[in-house]
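This report describes the chain as a whole and then turns to selected helices and a loop residue.

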Amino acid sequence: MDVPPTYLVTGAAGFIGSHLAEALLDRGAAVVGVDGFTDYYARERKERNLAALRRRERFRLIEGDLVDLPVEELIAGVSGVFHLAAQPGVRGSWGRTFSVYVRDNLLATQRLFEAAAAAGVRVVFASSSSVYGNAAAHPTREDVTPRPVSPYGVTKLCCEDLAHAYARESGLDFVALRYFTVYGPRQRPDMAIQRIASALATGARFEVYGDGTQSRDVTYVGDAVSATMAVMDRAPAGAVYNVGGGSETSLREIIRLCEELTGRALAIDAGPAAAGDVRRTSADTSRIRADVGWSPRVPLADGLARQLTEAGALQRGARGAIAAR
Ligand code: NAD
Ligand code: UGA
């Protein structure tokens, strides 16, 4: 009988990492999850992300910080590493908090790359559309010069540069994924769609930063996960890919769609534009389509309906008409 592969998933208690770990188990793999339960958002929420995973026989969680853990031991014997652990928010990365980004993004990643290069294990890691900043061309291809406009984006670009350096000098086998604003059930509570869904469920207010015309190429989490697994299996070493859902949508339009789906009106406050926020993102995904045959599958309205349902803003299976303001 074939022995199933074992993968290490860092950030397994997080939004994308918990979905990825479930999908790997569904494919028959074994998963060792690592998470330090950083305080960026509540542990209670991360425990909910893990609830189904903890019941799976082939899942094991190691609680700890990648900056301290013996990463060589974690990597020994695994078939591949999915490195998703990070300090993720864009807008909070200025000022004193930057030290958290340096630690959880750069130091943790450098330790992992060093160990993976020594062990000869592939690392697929989460980069970000934020490496582009306000990109010169749309849709944006991977070969434009990246110019991040947030300290968070700078740390993600540094991780990519570190990967290239380890590949050149120590033979690291890596694939970098530039995820574009991932959404869906379990989305982080600081992100726009989750805040909108929660406000629609509870009647709380939602603050729009800026005029709401900023736009994002949003990516359903199931699509992000299928891209992540596909590149572990099929991408050439050293590849960098955009992972985008293919529907660039303004924040105003996302709000309108959520209102339409739930039949509820969102109470909105206008706030100042946020430092580090880009005007628009749109992914050219021809490279990942050509190399591994991945393309996004979930239409925006379906993905939003799933997230709104999880948040309690939409009855399971129901779709409302827009309510009068
Ligand atoms: P998340 O915060 O939900 O998950 C990250 C997890 O990593 C958390 O559970 C946290 O406790 C853990 N972690 C952080 N530092 C750690 C450390 N030093 N040691 C061990 N565990 C640590 O974030 P997410 O939205 O699921 O994002 C996953 C990855 O994808 C991140 O690298 C993020 O930068 C990247 N990304 C996310 C998006 C998005 O839209 N969500 C878009 C682009 C890139
Ligand atoms: C998201 C993730 O949060 C990052 O971790 C990730 O790296 C990035 O995507 C990426 O694509 O690389 P962002 O696109 O800023 O970042 O996504 P949201 O946090 O959902 O914000 C989307 C827009 O809504 C932004 O313009 C933001 O300013 C706005 N927003 C957000 C509000 O107006 N109000 C809020 O309460 C939250």
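## Charge and basis of the model

The protein chain carries 38 positive and 37 negative side chains, and the centres of the two sets lie 4 Å apart. Lys and Arg are counted as positive and Asp and Glu as negative, with His and the chain ends left out; each charge is placed at NZ of Lys, CZ of Arg, CG of Asp or CD of Glu.

The model is predicted: local features need pLDDT of at least 70, and side-chain atom pairs count only at pLDDT 80 or more, while totals for chains, interfaces and linings use all residues. Residues are numbered from 1 along each chain as its sequence is written, chains are lettered from A and ligands numbered from 1 in the order in which they are written, and side-chain values use heavy atoms, without hydrogens and water.

## Overall form

Ten helices and twelve strands occur in the protein chain; these are DSSP runs, helices being H or I of at least four residues and strands E of at least two, numbered from the N terminus. The C-alpha atoms fill a box of roughly 60 × 45 × 40 Å along the principal axes. For 325 residues, a compact globule would have a radius of gyration near 20 Å, and the 19 Å of the protein chain agrees with this; the radius is taken over C-alpha atoms, and the globule rule is 2.2 Å times the number of residues to the power 0.38.

Among contacts (heavy atoms within 4.5 Å) between residues at least 6 apart in sequence, 82% join residues at least 24 apart.

## Helix α4

Helix α4 covers residues 98-119, and its 22 residues should span 32 Å at 1.5 Å a residue; the end C-alpha atoms are 31 Å apart, which agrees. The expected span is 1.5 Å times one less than the number of residues.

Buried residues of α4 include Tyr101, Asp104, Asn105 and Phe113. The buried residues of this helix pack against β1 (6-10), α3 (71-75), β4 (80-83), β5 (122-128) and α5 (151-170). Just after α4, Gly120 adopts a positive phi of about 70°.

Pro70 lies in the loop between β3 (59-63) and α3 and counts as partly exposed because its relative accessibility is 35%. The C-alpha atoms of Pro70 and Ala227 are separated by 29 Å, the two residues being 157 residues apart along the chain.

How values were computed:
Buried means under 20% relative accessible area, exposed over 50%, partly exposed in between (1.4 Å probe, protein chains only).
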